[in-house]
Amino acid sequence: MINKPNTSTDKQETSASVAATEVTPSKQTAEYELKCEINGVPVSTATEPSRRLLHILRDDLGLTGTKRSCEIGRCGACMVLMDGKPVNSCLTMAYQCEGASITTIEGLTDARSERIKEAFLQEGGFQCGYCTPGMVVSTKALLDDNPCPGRAEIEEGLSGNICRCTGYGGIVRAVCRAAELEGEERGQ
Ligand code: FES
Ligand code: FES
């Protein structure tokens, strides 16, 4: 089931405004050197092994499209893909990212992701927009797994994402629309 609470953000950050090639570690903190790939770019950054991926992305690398909210794994605002699977970056430690391929909202630039973003715009799948990056990331993971999901599968796919605004109608319509656009792309 999808939950329903409220928050706010700026739309610019939801529009994948930070290019993958702009990933530049700004903060060198500790003895551990994390090596991974972020948005297709190899990254090597000094950090604490227990530092949260959310903080590395936002505070060290300036990738602020990934949102910080509950920080306890409940809201999905911080969702990113790790090796193609959605994970809450607030619950993912640096050492768990070693060698992994991380994709943030800024890195979702493939054709499917663009269709998803277009569908969110067409169907008003955002209100304040704070949850939208996480919703888009989860939708991408859902459609990668199942390009033609039914309503129950959509609700299940977004069950880890909370929107704190008025409801989920536009969001669910957006995911349905994204699936439709997929079908149109395949000529169905
Ligand atoms: S900030 Fe990570 S789940 Fe809420
Ligand atoms: S929390 Fe504002 S659009 Fe979802």
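## Briefing: a mixed sheet, its helices and its salt bridges

The protein has 6 helices and 5 strands, where helices (H or I, at least four residues) and strands (E, at least two) are DSSP runs numbered from the N terminus. Along the sequence they come in the pattern α-β-β-α-β-β-β-α-α-α-α. This is a predicted model, so local features need pLDDT of at least 70 and side-chain atom pairs count only at pLDDT 80 or more, while totals for chains, interfaces and linings use all residues. Residues are numbered from 1 along each chain as its sequence is written, chains are lettered from A and ligands numbered from 1 in the order in which they are written, and side-chain values use heavy atoms, with hydrogens and water left out.

**Confidence and overall numbers**

- Mean pLDDT (the predictor's confidence in each residue, from 0 to 100) is 87 for the protein, and 84% of its residues reach 70 or more.
- Watch residues 1-23: pLDDT stays under 50 there, and the model has 53 contacts beyond four places in sequence for this stretch. Contact means heavy atoms within 4.5 Å.
- Of the 188 residues, 51% count as buried; that is under 20% relative accessible area, with exposed being over 50% and partly exposed in between (1.4 Å probe, protein chains only).
- The accessible surface comes to about 8500 Å², and carbon and sulfur atoms own 48% of that. Areas come from the Shrake-Rupley method with a 1.4 Å probe; for residues, only the protein chains shown count as cover.
- Take the contacts between residues at least 6 apart in sequence: 60% of them join residues at least 24 apart.

- The 5 strands make an open sheet in the order 2-1-5-3-4, with mixed pairing; two strands pair if DSSP finds at least two bridges between them.
- Strand 2 (41-47) and strand 4 (85-88) are the edges: each has a single partner strand, so one side of each has no neighbour in the sheet.
- On average, neighbouring strands of this sheet are turned by 40° against each other, direction ignored.
- Strand 3 and strand 5 (residues 101-103) run antiparallel and are joined by 2 bridges. Leu81 has Thr103 in strand 5 as its bridge partner.
- Helix 4 (residues 132-145) lies across strand 3 and strand 4, at about 35° to strand 3. Axes are lines fitted to C-alpha atoms, for helices over the stretch in contact, and angles run from 0 to 180 degrees between N-to-C directions.

**Thr66, a buried loop residue**

- Thr66 sits in the loop between helix 2 (53-60) and strand 3 (79-82), and is buried at 2% relative accessible area.

**Salt bridges**

- The structure holds 14 salt bridges, each a side-chain nitrogen of Lys or Arg within 4 Å of a carboxyl oxygen of Asp or Glu.
- Arg68 and Asp59 pair at 2.9 Å, N to O. Arg68 is partly exposed at 26%, and Asp59 is partly exposed at 36%.
- Lys117 and Glu114 pair at 3.2 Å, N to O. They are 3 residues apart in helix 3 (residues 111-123), so about one helical turn separates them. Lys117 counts as buried at 14%, whereas Glu114 is partly exposed at 37%.
- Glu184 and Arg177 pair at 3.3 Å, N to O; Glu184 is partly exposed at 47% and Arg177 counts as buried at 17%.
- A network of salt bridges links Asp110, Arg112, Arg115, Lys140, Asp144, Glu182, Glu185 and Arg186.
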